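Please look over the sequence and the structure before reading on. The paragraphs after them walk through the model step by step.

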Amino acid sequence: MSTVLVTGGSGFIGSHTILQLLAQGHTVRTTVRSLSRESEVRAMLAQGGAEPGERLTFYAADLESDAGWARAVEGSDHVLHIASPFPAGVPKDDDELIVPAREGALRVLRASTEAGVKRVVMTSSYAAIGYGHKPQARPFDETDWTDLKGPGLTAYVKSKTIAERAAWDYVAGQNGKLELAVVNPVGVFGPALAADTSTSILLVQRLMDGALPGCPKLYFGCVDVRDVADLHLRAMTDPAAKGERFLAVAEDFISMKRIAEILKARMGDAAKRVPTRELPNWLVWLASLRDPAVKLILPELGKNRNATNEKARRMLGWEPRSNEESLVATAESLVRLGLLKP
Ligand code: NAP
């Protein structure tokens with residue numbers, strides 16, 4: 001069993017990944033921006049059924065500073081670089097996301113090379129694969145890269161694309177001293193372990209809370225956080241994963257209306273506020289005149305940027321849960337944690 005550093009242990013994917021590493025018998029280190037969050041992260045892991053004690057240690061490190069990274073990485077066989085800014089809102093300046101994503105990845109990779117880490121697995125995103133292009137007939141796959149010159153890219157999409165490119169460029173210049181594998185998840189759902197959970201969970205939370213008047217014609221790729229964690233572990237240990245990127249998507253993309261229908265059908269009274277009617281595009285355009293957040297979704301209306309998981313299944317034997325199982329697990333966790341409107 002190896003010693004593994006997980007960056008961003010306070011996050012949704014980070015905490016689930018720690019759970020699986022512990023379950024497989026690894027010794028785990030994790031970084032948080034402030035050590036004051038250790039007890040919160042331990043509580044999240046307890047929510048997931050783990051009491052790791054001394055098998056888990058915490059290190060303070062921020063993607064925006066050099067301090068702490070060398071110490072956190074030292075003695076690790078593998079590093080799972082999961083931390084990256086993923087805010088719900090739009091930053092004033094794109095660099096608020098791009099700089100920590102790119103420079104943070106480079107800090108982690110440099111420290112890993114210096115410490116003789118065998119392989120880094122980096123959490124990139126579908127955001128680095130399927131944007132800036134017109135929708136296409138074939139599903140997007142790992143050979144595709146987001147076109148940074150394309151229209152309507154958000155700061156987040158740019159940050160993930162630029163950070164992943166920088167990581168591959170860095171590793172290419174290391175003459176084989178460091179191995180890299182990358183996981184590119186679509187929207188990640190599944191059981192939240194704490195109130196402070198990922199931006200992706202907000203979609204289910206807002207639907208359940210009746211915060212939306214209906215479902216815009218949007219299409220989503222879904223994957224369960226437990227399967228994303230599992231794919232990180234496979235990419236960490238399988239020799240074939242070296243130098244490869246893997247899309248983490250459970251099934252074909254589904255419409256927001258279908259997501260709403262699944263919640264309505266499976267969540268009983270807790271889903272009484274979920275709207276299942278589809279909103280015509282003109283109504284969403286009208287709403288965007290008053291709400292700048294709605295403006296962000298306009299370029300995506302009616303577009304289905306489907307993606308395939310064929311590579312992860314074929315090369316790593318990955319078998320993700322269904323969209324339905326993952327969405328229901330999300331909603332059930334929101335109920336369990338008391339995170340829905342009474
Ligand atoms: P999350 O719960 O918001 O976790 C983000 C993690 O990154 C947190 O641990 C956060 O620490 C850390 N972080 C952010 N800025 C940092 C900084 N400047 N220095 C150090 N740590 C920092 O979101 P998540 O869904 O687990 O996302 C984890 C990774 O998966 C990210 O790279 C994200 O881009 C990627 N991803 C997520 C999805 C999705 O749908 N959820 C899809 C594709 C890719 P704090 O707790 O201190 O904020």
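Predicted model: local features only at pLDDT ≥ 70, side-chain atom pairs only at ≥ 80, totals over all residues.

Residues are numbered from 1 along each chain as its sequence is written, and side-chain values use heavy atoms, with hydrogens and water left out.

Start with the ligand. It is surrounded by 26 residues, of which the closest are Ser10, Arg37, Tyr156, Lys160 and Ser198; a residue is near a molecule if one of its heavy atoms lies within 4 Å of it. By class, this shell holds 12 nonpolar, 10 polar and 4 charged residues. Here Ala, Val, Leu, Ile, Met, Phe, Trp, Tyr, Cys and Pro count as nonpolar, Asp, Glu, Lys and Arg as charged, and the others, Gly among them, as polar.

A polar side-chain atom of Arg37 lies 2.5 Å from an oxygen atom of the ligand, and an N or O atom in the side chain of Ser198 is 2.7 Å from a ligand oxygen atom. The protein covers 90% of the 890 Å² of accessible area that the ligand has on its own, an area from the Shrake-Rupley method with a 1.4 Å probe. Two or more residues of the shell come from each of α1 (12-23), α5 (155-172) and β7 (187-189). Such helices (H or I, at least four residues) and strands (E, at least two) are DSSP runs, numbered from the N terminus.

A search of the whole structure finds 2 cavities of 30 Å³ or more. On a 1 Å grid over the protein atoms alone, a cavity is a set of points where a 1.4 Å probe fits but cannot get out, and lining residues have an atom within 4 Å of a point. A volume is the space filled by probe spheres set on the points, which are joined across faces, edges and corners.

The largest cavity has a volume of about 50 Å³. Its lining includes His81, Met122 and Lys160, and β5 (119-123) and α5 each supply at least two lining residues. The second largest cavity, of about 30 Å³, has Ser10, Phe12 and Asp196 among its lining residues.

Finally, α4 is followed by Gly116, whose phi is positive, near 70 degrees.

Conventions. Polar contact = N/O pair within 3.5 Å; in protein donor to acceptor, adjacent residues only side chain to side chain. 1 Å grid on protein atoms, 1.4 Å probe; cavity = no way out; pocket = protein on both sides within 12 Å on 5 of 7 lines; lining within 4 Å.
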